[in-house]
Amino acid sequence: MVKMGELWTQLGSVMASMMFAYAMVKQFFPDNLGNILEKYTQKLVGYVYPYIQISFDEYTVEFFRRSEVYSSIQSYLSTKSSTRAKRLKAHDVKGSKALVLGMDDNEEVTDEFQGIKLWDIVMGSYLDHVRQEGKAIAVSNRQRKLYINNTGKGAKWSHVVFEHPATFETLAMDPKEKQAIINDLMKFSKGKDYYKKIGKAWKRGYLLYGPPGTGKSTMISAMSNLMNYDVYDLELTAVKDNTELRKLLIDITGKAIIVIEDIDCSLDLTGQRKKKKQEEEKDGDEKDPIPKRPEEEETTTSKVTLSGLLNFIDGIWSACGGERLIVFTTNYVDKLDPALIRRGRMDKHIQLSYCCFGAFKVLARNYLDVESHELFGTIERLLGETDMTPADVAENLMLKSDTEDADSCLKSLIEALEAAKVEVRVKAEEEAKLKAEKEEKEKEESGNSNHEVKCNGTIDKVKGTSVAEVKENGVTP
Ligand SMILES: Nc1ncnc2c1ncn2[C@@H]1O[C@H](COP(=O)(O)OP(=O)(O)OP(=O)(O)O)[C@@H](O)[C@H]1O
Ligand SMILES: [Mg+2]
């Protein structure tokens, strides 16, 4: 049996060599004589040559585009040929991180599939395998991109190569929560048939919320690195109207993460996060929880409406392309319109919060290569008593000079945590004192209306400063 197989293999090689020699000789015959010769040679070869040949053209007939099947086969064979063929050709394939190695002319490789030499296999299932594997290899080789829509460019994306080093491994958060998010993402990426079965577009919405510096943007980069998806960072305030928004959506390919950062600021389309934050700090808690619609805003430059955005997320166009994640981030989840974040639109709500001990351990491992330390107990206790963002913890753990080491960084973190704890207590005492003073003055005011303006002014000013300072330090009052 083995001998027979070898015999066929040798015969195959001999026939291939004969056909190559024939191709050389054919050049020296006039055209019509060459054609006759070809016809009879093919017939003759057909009697003795036991194999079927399938050719794949490099370019499609339509618009001379490069054939997708050809590219997949090329990617697939590049992994085989580089180990088994002797003469290789290197191709610079567009969008690929590395050179793709292919076989040189007249080289041959034999592949194994499902444990059998290919000579014996049914071509259908093997070709499907080559296509799928080739596509996967091409996807893992391609350079990921970060797309942005700029003001003044109309409904157009421009891009740069996406190279953010954040991964879920380096992301500091509770390990169980982190694993749940990874599982959710992996399930989604394999869910093509499932989504089809349940009649839903193959997309999933994530709402990431939490105070500044807790890792929302970092998590988006980790998602992109895990899933190998491009990132489309959509700046809503740069989109003129709903039509432009739709045009941008149509240009987004599959395997993409569409990101709208600070959705609470984009949605009312003032486009000025800073200004909005200042207003909030001034207004305190009296602000309307539902953001204003664009038509109510005076400083609006964009006419994208809430309904336009909802259509963007779940209108029929959003189903085209498939395999998309839509991620919103916000610092103020309570201020979002419930319609925008209901399940089905934003399927998974993820809270990123102040640094817990589990998250600290990830940072200590990343920044200091320390798995355990005698100071960990103190740090665990302090993190339970004080709110500090992972960004602030990370800053304390970062080695800033050659004289610093793990011990000194952990000590400086403890100092920072203790200082934050004291600060919170002082602020709370100050606020309690101010409140008492206010109440006292209100009592006096009932008999003296002239006093009113002065008291309110003082109180507002002190309160505004206090809130801003606490925010800056990443600590809740
Ligand atoms: N959970 C985290 N794990 C690891 N690093 C973090 C984490 N959170 C913050 N950092 C560090 O702090 C920096 C700021 O974090 P990031 O930009 O992700 O915060 P954010 O939540 O998006 O803040 P904002 O609401 O202001 O946009 C990051 O570059 C990273 O170094
Ligand atoms: Mg951010």
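Helices here are DSSP runs of H or I with at least four residues, numbered from the N terminus. With that in hand, here are some notes on this predicted model.

1. Let's start with the ligand. Which helix gives the largest share of the shell around ligand 1? That is H7, with 3 residues.

2. The shell itself is made of 16 residues, and the closest are Ala172, Lys216, Ser217, Thr218 and Asn331.

3. Some polar contacts are worth a look on screen. A nitrogen atom of ligand 1 has a backbone N or O atom of alanine 172 at 2.7 Å. For glycine 213, a polar backbone atom lies 2.9 Å from an oxygen atom of ligand 1. Serine 217 uses its side chain instead: an N or O atom there is 2.9 Å from an oxygen atom of the ligand. As for cover, the protein buries 74% of the 630 Å² that ligand 1 exposes when taken alone.

4. Now to the sheet. It is open and has 7 strands, in the order S6-S5-S8-S9-S10-S7-S11, with mixed pairing. Strands S6 (157-161) and S11 (348-351) are the edges; each has a single partner strand, so one side of each has no neighbour in the sheet. From one strand to the next, the twist averages 20 degrees.

5. A helix lies against this sheet too. Helix H5 (residues 175-189) packs on the sheet and touches strand S7 (203-209), strand S10 (324-330) and S11. The direction of H5 makes about 160 degrees with that of S7.

6. As a reminder, strands of a sheet pair through backbone hydrogen bonds, either parallel or antiparallel. Strand S5 (residues 145-149) pairs with S6 in the antiparallel sense, over 5 bridges. With strand S8 (residues 230-233), S5 runs parallel, and 3 bridges join the two.

7. Which residue of S6 stands opposite tyrosine 147? Look for histidine 159. Lysine 145 has valine 161 of S6 opposite. Towards S8, leucine 146 stands opposite valine 231.

Conventions: Residues are numbered from 1 along each chain as its sequence is written. Chains are lettered from A and ligands numbered from 1 in the order in which they are written. This is a predicted model: local features need pLDDT of at least 70, side-chain atom pairs count only at pLDDT 80 or more; totals for chains, interfaces and linings use all residues. Side-chain values use heavy atoms; hydrogens and water are left out. Two strands pair if DSSP finds at least two bridges between them. Axes are lines fitted to C-alpha atoms, for helices over the stretch in contact, and angles run from 0 to 180 degrees between N-to-C directions. Contact means heavy atoms within 4.5 Å. A residue is near a molecule or strand if one of its heavy atoms lies within 4 Å of it. A polar contact is a pair of N or O atoms within 3.5 Å; within protein, one must be able to donate a hydrogen and the other to accept it, and residues adjacent in sequence count only if both atoms are side-chain atoms. Accessible areas come from the Shrake-Rupley method with a 1.4 Å probe; for residues, only the protein chains shown count as cover.
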